[in-house]
Amino acid sequence: IPEGAVVEECAFSYCDTIEQVLIGPGAFVKGRGFGYCYHLEQVVCGDGSRLETNGVEYCDRLETVILCGTVHLGEDAFAYCDQAKITNADAEEFERLAPETSGTPDEGSAGALLGGWTGTEDAEISEEAQDVFNQAMDGYDGRDYEAVALLATQVVRGQNYCFLSRTGGTDSGETPAYQLVYIWQDIDGTLEVLDVQEITFAPGDEENGPVTVPQSEDEYRITLTGDEYVFVDCPSAAKAGDLVTVHTVDVADGEVKIEVNGSDSGTWEEWGTYTFIMPEEDVELHGWISTAGYPGA
């Protein structure tokens, strides 16, 4: 949002493809200017900007809010954004985080947009990145990690790294395992391993391709179909007999419909929450919004 601009009421409400918003210095966001943006994850506000009451509302995935300089917030400016963590920063920090006015997101400072991952062109590991990996993983969980490629970086009050790594190998006589390793380097150089995700490979055959298998004993997969904006959050797998909770959008003029493997069996709860018992099979959830019985919707 450019410097001094005004975002009128509900201007970007229900824009569920928005992931990041930078509100320029002196800009003004009126009520529900960014309401119900279910995929919004980061908001950065410039010095002198203003957010009216309920300016950013019901953004379930909003986690990071950075206020650069003096930002004027109305009552409940981030209403019902329960996961949002607000951080204060210097006014000059906004210029470092904001993209240039030209170029693609992977060019120049635009690639350093807060929260936006920038993929590496050839996955080559620089000497600096190798040092980050070696220091962070030294002694981590007792395994010997080897950096295979640097996949992406991300600027977030420091820098995140995403590495493809390997443990084990032919020299040790064991089958190598691969991981995605996420490392954060603070602006003072402090290193922290954020996550290590094991990469598993599904079996398959030449005729039918990959085979979907349970992730563990008695655990079955959950996939989503239909209108993608219906689902806000859903687990990817569950064990047979588990109570599965699915979060959906909140609809004013209409209602959300959910089918589990072609059946609408399940229980609706308050605030768009849907529950069902996981059967002994993979589950496909089909969701859509029905406006039947809502004239003018």
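Q: Before we start, what counts as a helix here?
A: Helices are DSSP runs of H or I with at least four residues, strands are runs of E with at least two, and both are numbered from the N terminus. This is a predicted model, where local features need pLDDT of at least 70, side-chain atom pairs count only at pLDDT 80 or more, and totals for chains, interfaces and linings use all residues. Residues are numbered from 1 along each chain as its sequence is written, and side-chain values use heavy atoms, with hydrogens and water left out.

Q: OK, where is E95?
A: E95 is in helix α1, residues 93–97.

Q: Buried or exposed?
A: E95 is exposed, at 56% relative accessible area. Exposed means over 50%, buried under 20%, and partly exposed in between (1.4 Å probe, protein chains only).

Q: Now α2. Which of its residues are buried?
A: In helix α2 (residues 127–137), they are A129, V132, F133, A136 and M137. They fall within an arc of 105 degrees seen down the axis, so they line one face of the helix. The arc is that of the directions from the helix axis to the C-beta atoms.

Q: And what sits on the face turned away?
A: Exposed residues E127, E128 and Q135.

Q: New topic. How many salt bridges are there?
A: The whole structure has 6. Each is a side-chain nitrogen of Lys or Arg within 4 Å of a carboxyl oxygen of Asp or Glu.

Q: What does E198 pair with?
A: R143, at 2.6 Å from N to O. E198 lies in strand β15 (residues 191–199) and R143 in the loop between α2 and β12 (145–155), so the pair ties together parts 55 residues apart in sequence.
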